[in-house]
Amino acid sequence: MSENGYARNILGQRLELCCTAPMTGFYRNGYCLTGPRDRGTHVVCAIMTEAFLSYTRSRGNDLSTPMPAYDFPGLKPGDKWCLCVSRWKEAHQAGAAPPIIAESTHINALEVVDKETLLQYLA
């Protein structure tokens, strides 16, 4: 949180909504917010691509397959989703990172990935 009581994005502004259809975020409120229980640090608002979905599936995190027990519809290219910043960075290094929405990417992403790199992936 900032001194004004709201979360900030990587541009230093108020964090904007990432997506509500499907409902995303660690807290499933549409925002890429994080907290002490969010071990994955789900702070990067990204637009899914086939390349990224294939990559993350190959790394053991299948985001494409629906999981009704967890109320998870499965993602498809074009869907927005709050990604773990470490997975996004790993995908970047492998050439498979999806585009991001800076206004909806939490400032904590900058603890793992530099701003210049993130801004190269603006949607």
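Begin by selecting Arg14 and Tyr6: Arg14 lies over the face of Tyr6, at 4.0 Å from the ring centre, where a charge counts as over a ring if NZ of Lys or CZ of Arg is within 6 Å of the ring centre and within 35 degrees of the ring normal. Before going further, note that this is a predicted model, in which local features need pLDDT of at least 70 and side-chain atom pairs count only at pLDDT 80 or more, while totals for chains, interfaces and linings use all residues. Residues are numbered from 1 along each chain as its sequence is written, and side-chain values use heavy atoms, with hydrogens and water left out.

Next, show the aromatic rings. The structure holds 3 aromatic pairs, a pair being rings of Phe, Tyr and Trp (its six-membered ring) with centres within 6.5 Å, counted as stacked if the planes are under 30 degrees apart, edge-to-face if over 60 and tilted for the rest. One of them joins Phe26 and Tyr27, edge-to-face, at 5.0 Å centre to centre and with 85° between the planes. Phe26 is partly exposed at a relative accessible area of 27%, and Tyr27 is partly exposed at 35% (buried means under 20% relative accessible area, exposed over 50%, partly exposed in between, with a 1.4 Å probe and protein chains only). Another edge-to-face pair is that of Trp88 and Tyr121, at 4.9 Å centre to centre and 85° between the planes. Because Trp88 lies in helix H2 (residues 85-93) and Tyr121 in the segment after helix H3 (115-119), this pair ties together parts that are 33 residues apart in sequence; helices (H or I, at least four residues) and strands (E, at least two) are DSSP runs, numbered from the N terminus.

Stay on Trp88, which is buried with a relative accessible area of 0%. Which residues touch the most other members of the largest nonpolar core? Of its 24 residues, these are Val44, Met48, Leu63, Leu83 and Trp88, a nonpolar core being a set of buried Ala, Val, Leu, Ile, Met, Phe, Trp, Tyr and Cys residues joined through side-chain atoms within 4.5 Å. Strand S1 (42-47), helix H1 (50-58), strand S2 (80-84) and H2 each supply at least two residues of this core. Apart from this core lies another, of 7 residues, among them Cys19, Cys45, Ile47 and Ile101.

Now colour H1, whose buried residues are Phe52, Leu53, Tyr55 and Thr56. These residues cover an arc of only 165° around the axis, which puts them on the same side of H1, the arc being that of the directions from the helix axis to the C-beta atoms. The buried residues of H1 pack against S2 and H2, with contact meaning heavy atoms within 4.5 Å. Select Gly60 as well: this residue follows H1 and has a positive phi, near 95°.

Finish with the charged side chains, where the count comes to 5 salt bridges, each a side-chain nitrogen of Lys or Arg within 4 Å of a carboxyl oxygen of Asp or Glu. In helix H2, Glu90 and Arg87 lie 3 residues apart, about one turn of the helix, and they form a salt bridge whose closest N and O atoms are 3.2 Å apart. Salt bridges that share partners join Glu50, Arg57 and Asp62 into one network, in which Arg57 and Glu50 meet at 3.8 Å, N to O.
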